[in-house]
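Welcome! Here is a short briefing to read alongside the structure, one topic at a time.

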Amino acid sequence: MVNVAISGLGEISRLHIQGVLRSKHGKLVGVFSHSYERAKEIASIYGVKAYKSFEDLCNDKDVDAVIITSRDEDHFPQTIQAAKAGKHVLVEKPPALTVEEVEIMNKTCEKYNVVCMPVHNYIYTPQILHLKEIITNNELGRPIFAFASIFHKIDEEVAKRYHGTLITQAYHLIYTLLFLFGDIEYLVGYVDNVSYSKYKNVDDLAIVILKFKNGTAAQILSGWCCDDLTPTSWTWMVKVFFEKGVFTFNSMESLTYQQPASYYQSRTIDFQKTFYNIVSYFIDEVLVNKKQPLSTMKDAVRTFYILNTIKKNANLGKIII
Ligand SMILES: NC(=O)c1ccc[n+]([C@@H]2O[C@H](COP(=O)([O-])OP(=O)(O)OC[C@H]3O[C@@H](n4cnc5c(N)ncnc54)[C@H](OP(=O)(O)O)[C@@H]3O)[C@@H](O)[C@H]2O)c1
């Protein structure tokens, strides 16, 4: 059995808890929240411990692994503390707020000999794994052009809890394309705020064109400015044009849940399943069966570096006419 504790009990922690419960070898043993009341409430539902501090969680000898689903700013300090206590870590994205921090997380986990996996959950989507197989086996010839999007409305008050659509959403698109096509050669980016009036420093639109070293060209679209509920929605889509065919994955085709969520994407089965899949992969395949993770902190460093480069250079080549 792998005893797992969860840190951070916001919206997305529910899916991680389900992931632990659905895994073969995982057992939920405790939860931590900055609000002890909340920790006690969730702990009582699952019959597990509620920790008063993150330190208490790390000092608990029963805990083998921690899933960090706290807010973005806590990922770095909590991962370092957990690694030093000898706990394996599955950390939500973005794993930290700078490339340097992600590098330190990677090195610290190596030093303390614990696994640290970033939540690159989109590559655990069955359709993305199928697409990877098509590319690896050259089933449709060379991939020529790809389009990937995460595009939905997030209200300003929700958006302010995160760090902009580029770091929050384009992060997923970049690691997914790196997983599919390998490293990139160059990029051109556009990052903007086109819909928010109160939090002007939160970007709600990012469009990036990338050229991969394998020759594939790609465009990514990441936005919090509009919802697309049409049948051919761009809410979460990956489309790849090959020499001999086209692969399209549109997550909104399986929109089924009607319960409230702060954004539409989180109502799709595909989205929810990515968490169950990555949590079981972390527990059952990596920690128990000693398989290599599909996503590593090195991938996270590269993804973050690319995002930083986009942010720094976006809009520089603006041509005013
Ligand atoms: N991989 C994905 O597809 C995906 C999707 C959504 C979110 N995420 C990531 O998952 C993490 C959690 O997001 P979420 O959607 O669950 O957001 P959320 O509902 O806003 O919860 C955010 C976290 O902030 C913490 N928090 C709230 N108020 C706090 C305060 N005053 N002081 C300290 N901590 C506070 C909560 O932890 P406490 O229990 O400690 O209060 C909670 O875990 C974020 O890093 C986000 O980027 C990833």
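The points below go from the domains to the ligand, then to the core and the strands.

Keep in mind that this is a predicted model. The protein chain is divided into two parts, domain 1 (2-120 + 276-293) and domain 2 (123-264 + 305-313). A ligand lies between these domains, because both of them give residues to the shell around the ligand.

**The two domains**

- If you look for the C-alpha centres of domain 1 and domain 2, you will find them 26 Å apart.
- Where the domains meet, 10 residues of domain 1 are in contact with 11 residues of domain 2.
- On the domain 1 side of this meeting place, helix 9 (residues 269-288) gives the largest share, with three residues.

**Around the ligand**

- There are 21 residues around the ligand, and those that come nearest are Gly8, Gly10, Ile12, Ser33 and Arg71.

**The nonpolar core**

- As a bit of background, nonpolar side chains in soluble globular proteins tend to be buried together.
- Here the largest nonpolar core has 92 residues, and Val89, Cys116 and Leu177 have the most contacts inside it.
- Helix 8 (residues 164-181) provides the largest share of this core, 12 residues.
- Both domains take part, since the core draws at least three residues from each of domain 1 and domain 2.
- Which residues does cysteine 116 touch, leaving aside its neighbours within four places in sequence? Cysteine 116 is in contact with Thr79, Ala83, Val89, Val91, Met105, Asn106, Cys109 and Met297.

- Start with strand 8 (residues 184-192), which pairs with strand 9 (residues 205-212) in the antiparallel sense over eight bridges.
- Strand 9 also runs antiparallel to strand 10 (residues 217-223), and seven bridges join these two.
- Leucine 210 in strand 9 is a handy landmark: leucine 187 stands opposite leucine 210, and alanine 218 is the bridge partner of leucine 210 in strand 10.
- Strand 9 and strand 10 form a hairpin with four residues between them.
- In the turn of this hairpin, glycine 215 has a positive phi of about 100 degrees.

Definitions and conventions: Residues are numbered from 1 along each chain as its sequence is written. This is a predicted model: local features need pLDDT of at least 70, side-chain atom pairs count only at pLDDT 80 or more; totals for chains, interfaces and linings use all residues. A nonpolar core is a set of buried Ala, Val, Leu, Ile, Met, Phe, Trp, Tyr and Cys residues joined through C-beta atoms within 7 Å. A residue is buried if 20 or more other C-beta atoms lie within 10 Å of its own, exposed if 12 or fewer, and partly exposed in between; C-beta atoms are placed from the backbone. Domain bounds come from an automatic or database domain assignment. Two residues are in contact if their C-beta atoms, placed from the backbone, lie within 7 Å. A residue is near a molecule or strand if its C-beta atom, placed from the backbone, lies within 6 Å of it. Two strands pair if DSSP finds at least two bridges between them.
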